[in-house]
Amino acid sequence: MDRTGGSGGGSDRRQTEESKPLLGEMSAPEGNKMGAAPCRRALLHCNGMRYKLLQEGDIQVCVIRHPRTFLSKILTSKFLRRWEPHHLTLADNSVASATPTGYMENSISYSAIEDVQLLSWENAPKYCLQLTIPGGTVLLQAANSYLRDQWFHSLQWKKKIYKYKKVLSNPSRWDVVLKEIRTLVDMALTSPLQDDSIHQAPLEIVSKLLSENNNLTTQDHESIIVAIAPLLENNHPPPDLCEFFCKHCRERPRSMVVIEVFTPVVQRILKHNMDFGKCPRLRLFTQEYILALNELNAGMEVVKKFIHSMHGPTGQCPHPRVLPNLVAVCLAAIYSCYEEFINSRDNSPSLKEIRNGCQQQCDRKPNLPLRLLHTSPDLVSQEATLTESRLKPVIVTSNEIHVEVERNNTANQKMTANVGNDSEPNLIDCLMVSPTCSTMSIELSAQADRILGCYVEILKMLSDYDDWRPALASLLQPIPFPKEALAHEKFTKELKYVIQRFAEDPRQEVHSCLLSVRAGKDGWFQLYSPGGVACDDDGELFASMVRVCNNVHILMGSCYKTKKFLLSLAENKLGPCMLLALRGNQTMVEILCLMLEYNIIDNNDTQLQIISTLESTDVGKRMYEQLCDRQRELKELQRKGGPTRLTLPSKSTDADLARLLSSGSFGNLENLSLAFTNVTSACAEHLIKLPSLKQLNLWSTQFGDAGLRLLSEHLTMLQVLNLCETPVTDAGLLALSSMKSLCSLNMNSTKLSADTYEDLKAKLPNLKEVDVRYTEAW
């Protein structure tokens with residue numbers, strides 16, 4: 001039987017293993033410049049039919065032993081051959097059958113396969129290929145030509161990868177190894193097999209080779225990186241290879257390999273990675289790459305160009321994963337700057353331990369711990385005996401951070417106030433220690449300081465892109481930085497630029513992220529407020545964060561005009577607000593006036609103090625006089641009376657309504673119809689000034705959730721409300737639960753849900769007439 005191979009249908013590579021030795025000669029000329037090889041070899045892609053790499057499948061098997069006698073020749077003739085069906089598995093080391101019987105009782109090792117060929121001679125079995133093994137031939141017959149070629153290329157690939165694994169596992173000469181790596185890469189690039197493992201397998205082989213050989217020169221490093229560069233264009237590097245790349249970035253940050261080879265790899269990671277938690281070394285490699293860019297002569301300018309290339313030239317970044325991945329890298333890098341101190345618990349207490357009561361190990365005494373929070377009654381009684389004498393400052397040092405805590409009478413008073421409070425302090429409570437009782441300075445190492453500066457600058461760059469700012473604000477809203485970073489003056493001072501960008505953005509989804517993510521948690525608003533640990537500008541940023549709301553054209557975007565926000569300021573930040581108002585800050589003056597206008601402050605002494613504060617400056621005096629005039633006008637309106645019913649003409653606007661209400665007296669107005677007009681939520685600001693209003697018709701207007709929330713806070717005596725065919729949703733309708741006087745409510749053709757309807761019925765006891773037709777609750 002003729003076993004010579006030839007070219008057959010559908011196959012692009014019909015050469016035998018012997019015609020292409022493993023130690024191939026396809027390497028690039030030694031004189032090529034760095035970076036040229038990847039570009040040249042990246043073009044060597046296979047054209048024609050593409051196949052998926054087979055791992056297992058059904059096929060007919062026949063084994064022919066080499067005839068040694070005349071009888072054996074007769075038994076092996078094609079008329080007497082016996083074919084067996086088998087389910088073969090192409091493992092990493094051998095070909096095995098799921099039913100190890102007959103011809104496939106023993107698996108066939110790839111090392112035993114001398115050749116893989118397609119049968120193409122005349123009268124050969126149809127759709128058949130042969131494996132030449134010692135002492136015979138294994139024939140595999142597929143169902144069609146495509147499956148035959150798929151088996152052929154899969155067996156060829158498995159056999160070659162097996163050989164490369166063995167050859168590269170015991171390298172002797174690195175020049176030969178480099179040639180083998182280049183040949184391996186070319187084989188992967190030109191293979192007709194289309195599968196992720198085709199490019200990953202060579203990368204894993206090289207990764208294992210590098211992890212087992214640490215004595216390579218820098219030139220060997222760069223040569224290997226350039227050799228495998230084409231495979232990295234569409235594949236993430238394996239974990240061990242990431243470690244190798246990180247090492248190269250740290251040791252050779254100015255190497256051209258970093259720019260020419262690593263740049264497209266990192267760009268692909270940032271564009272396509274979905275979760276750094278599953279592949280943390282990819283994040284570490286990206287982090288080291290950016291630090292390497294920062295080490296170049298242009299420094300942050302190069303990093304800025306890289307960030308711009310990731311965003312793209314248009315106003316909208318086309319890759320949604322870029323920003324989350326960049327933020328994840330920045331957060332991990334910033335955390336690493338403080339990680340040594342955070343993890344050190346042997347020689348010095350951490351910042352948390354210091355603030356919760358631990359002294360230095362040499363000075364720790366069970367009966368008198370240094371405690372700024374959660375003091376015990378015994379501690380207070382002991383501290384009270386020392387109030388007449390000033391204690392020397394206690395200095396706590398570590399390798400990274402120096403904390404100086406100075407205790408005096410003010411600290412003792414604060415301790416006494418906190419006696420019996422066993423609850424866990426929140427983030428800002430742990431950091432907000434009055435400057436009169438403590439001063440803190442954090443000093444990082446030179447390397448950590450460079451890393452911190454680089455990645456805070458990147459956060460600044462990200463905040464400069466308008467399309468990225470909403471998502472960035474949302475990612476940073478829960479304050480993802482460690483307490484040590486928030487206690488570091490340099491960090492909070494640099495990050496202030498980012499918070500300022502959020503505060504200046506007129507979009508509500510951006511500046512609303514300055515507030516806490518949920519009740520009981522502090523946010524950037526509290527951190528940078530006067531008295532906060534990060535405040536270093538006498539409250540200018542705090543005022544800016546409040547003032548931005550005044551620039552939003554949508555009424556409810558002006559969050560500080562709601563009672564809830566004013567109540568929060570009155571409870572937590574009244575002192576800082578009064579201080580800024582005393583210094584002439586117009587935003588804080590307006591805040592205090594609104595507190596007086598909406599009766600936020602109940603205590604008469606506090607009200608008198610606010611009035612004194614307002615009258616101490618020209619702007620405060622002017623705004624307080626305007627407030628008094630408004631109050632007098634309101635009382636005058638109520639006294640003079642006016643119409644009790646009013647209907648606005650159709651197609652009227654917010655401006656028309658404002659002009660009408662400002663032209664006369666409407667203190668007695670009880671019934672107002674705005675049906676079929678063009679009014680929006682913005683008119684709510686004028687509606688809340690109608691003290692006698694009991695019936696309001698908003699049928700078929702553009703009045704939305706924002707205006708509904710404002711009405712629910714001020715018009716608590718409203719009895720009849722028509723919201724038919726308005727764009728209100730559950731978010732605004734839920735606010736109606738505070739209007740206990742409602743007895744008639746029309747929500748026909750709104751976005752009311754069944755759950756909200758049930759909630760309203762339970763909270764509005766006087767509700768008798770309800771229209772919920774054409775809603776989910778109907």
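Is Leu734 buried, partly exposed or exposed, and what is its relative accessibility? At 37% relative accessibility, Leu734 counts as partly exposed, where buried means under 20% relative accessible area, exposed over 50% and partly exposed in between (1.4 Å probe, protein chains only). The model is predicted, so local features need pLDDT of at least 70 and side-chain atom pairs count only at pLDDT 80 or more, while totals for chains, interfaces and linings use all residues. Residues are numbered from 1 along each chain as its sequence is written, and side-chain values use heavy atoms, with hydrogens and water left out.

**View 1. Leu734 and its contacts.** Leu734 sits in the loop between helix H31 (730-733) and strand E15 (744-746). Helices (H or I, at least four residues) and strands (E, at least two) are DSSP runs, numbered from the N terminus. Apart from neighbours within four places in sequence, Leu734 is in contact with Thr756 and Asp759; contact means heavy atoms within 4.5 Å. Asp759 is 25 residues away along the chain, and its C-alpha atom is 7.8 Å from that of Leu734.

**View 2. The open sheet with strands E11 to E16.** Here 6 strands are ordered E11-E12-E13-E14-E15-E16, with parallel pairing. Two strands pair if DSSP finds at least two bridges between them. Strand E11 (645-647) and strand E16 (769-771) are the edge strands, and each pairs on one side only. On average, neighbouring strands of this sheet are turned by 5° against each other, direction ignored. Axes are lines fitted to C-alpha atoms, for helices over the stretch in contact, and angles run from 0 to 180 degrees between N-to-C directions. Strand E12 (residues 671-673) is joined to strand E13 (residues 695-697) by 3 bridges. In E13, Gln695 is the bridge partner of Asn671.

**View 3. Leu147 in helix H3.** Leu147 belongs to helix H3 (residues 145-169). Leu147 counts as partly exposed because its relative accessibility is 30%.
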